[in-house]
Amino acid sequence: MPNIVNEIKLDFKDVLLRPKRSTLKTRAEVDLFRHITFRNSKRSYRGIPLMASNMDTVGTFEMAAVLGKHGVFSTVHKYYEVEEWEDFAKKHVEILPHVAVSCGISDADFEKLEKILAAVPDLTFICLDVANGYTQQFVDIVRKTRNAYPKHTIIAGNVVTGEMVEELILSGADIIKVGIGPGSVCTTRVKTGVGYPQLSAVIECADAAHGLQGHIISDGGCVCPGDVAKAFGAGADFVMLGGMLAGHDESGGELTIKPDGTKSKLFYGMSSMTAMKKHAGGKAEYRAAEGKAVEVPYRGEVNNTILDILGGLRSACTYTGAHKLKELPRRATFIRCTQQVNSVYANIPSKE
C-alpha cells in the first residue's frame, strides 16, 4: 500500500514573516555577510550567501564578475572550456573565493573538472549537480570527488529530504542543494509528479544538515526578494537564484528585439529540449524533457537587481529584529496565509 503523509507541507507563497520588536535604527546596520566553516573541507567562507544558479543562462562569467564585487556567490555552469576558465581567473582572481566550478556525473565531466582545477588552483568550490540526487551513482561520485579533492568545498544536489541530506554530507559533501521542481522553468513536477514544497523542504533539510555541522542551499522557488528572506528564515545557509537573475546583460541567452522595440532574452531549464539540443545534440528517446524555454523581458544590468534583493533582505532583518543575516532563522516566525499581496493592479506594469 502507498504511504500518505497527511502533514501539510508549505511553499513560500503560503506564509509571511511576522514582524518583531527591533533595536535596529536603520537598515544599514544589518550585516548580510556570513562567516562559515565547512564540515568536510574545513575551509572557511565569508560572503553574502546568495548564489547565481549554474544554469548556462545565469551562471556565466559575466554574472560572476558583477556579483563577486558585492560578495555574492556564483556557481558557474559546466560548459566553459579550460582555456576560458584560465582567462577568467587571470582577469578576476579577487572573486574566485565566490565562485564554484560545476560538474555532472559522467566520466567526461569529471575529467574536465580535473583539468579546470589543475589549471586554476585558486578554485576551491566544486558543485556536483544532477536533477536527481537520490541515486547510488551520485553518492559514489560525491565520495570519489571527496577522495580526489579532500580540501575542496563540495556542493552536491539536488535532494529534498533529511535522510538524503545526511547521506550526502556523510559521503563527503559540505553544502547540499535542496529543491526538486520549484524552479520557474522546471517542469519536473508536471512530467513526473515528484517534488516537495520548498519552504518545508528547506526547514526539514536544514535541520538534518545542521545536526551534522553541514549546510544547505535553497535552490529554486524564489520569485521576489521576500521569498529569499523566507528561505533564509527557514534555515537555508545559501539561497540560489535562477529566474530572478535571468534577462540581464550578464545573463546568457539570445537577446531578441521585437518590431515594437521591446527586448527579451531567452531563459530555459537545463533539462529543457532547448538545453539538450544545445549541449547534447537532442533528447534521448528514453527520457522526457523536464524544463521549458521562455522569453523574459530584458532587464538591463544585473547590478540594480542584486541591490534590490539585498535591500529587501536588510529590510526583512529589520522587521524581524535580526542584526545579522545569521540571526534571521532564530527571529523568524512564519504565519500561514491565504493571500500575500493586494493583486488589484497586478496586470498593470509599474512605471518605476
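1. Is Q213 buried or exposed? Q213 is exposed, with a relative accessible area of 54% (buried means under 20% relative accessible area, exposed over 50%, and partly exposed in between, using a 1.4 Å probe and protein chains only). Q213 also has a positive phi of about 60°, although it is not a glycine. You'll find Q213 in the loop between α7 (198-210) and β9 (215-219); helices (H or I, at least four residues) and strands (E, at least two) are DSSP runs, numbered from the N terminus.

2. Before you go on, a word on the model. This is a predicted model, where local features need pLDDT of at least 70 and side-chain atom pairs count only at pLDDT 80 or more, while totals for chains, interfaces and linings use all residues. Residues are numbered from 1 along each chain as its sequence is written, and side-chain values use heavy atoms, with hydrogens and water left out.

3. Now look at K42, in the loop between β2 (34-37) and β3 (44-52). Its phi is near 70°, a positive value in a residue other than glycine. K42 is exposed, at a relative accessible area of 61%.

4. Check the backbone at G157 too: the peptide bond from there to N158 is cis, with omega near 25°. N158 belongs to strand β7 (residues 153-159).

5. On to charges. Side chains of opposite charge can pair when their charged atoms come close. The structure holds 14 salt bridges (a side-chain nitrogen of Lys or Arg within 4 Å of a carboxyl oxygen of Asp or Glu). One of them joins K177 and D129, with the closest N and O atoms 2.7 Å apart. K177 lies in strand β8 (residues 175-178) and D129 in strand β6 (residues 125-129), so this pair ties together parts that are 48 residues apart in sequence. K177 counts as buried, at 2% relative accessibility, whereas D129 is partly exposed, at 27%.

6. Another salt bridge links D140 and R143, whose closest N and O atoms are 3.9 Å apart. These two sit three residues apart in helix α4 (residues 136-148), so about one helical turn separates them. D140 is partly exposed, with a relative accessible area of 40%, and R143 counts as partly exposed at 35%. Elsewhere, salt bridges that share partners join E7, K9 and E204 into one network.
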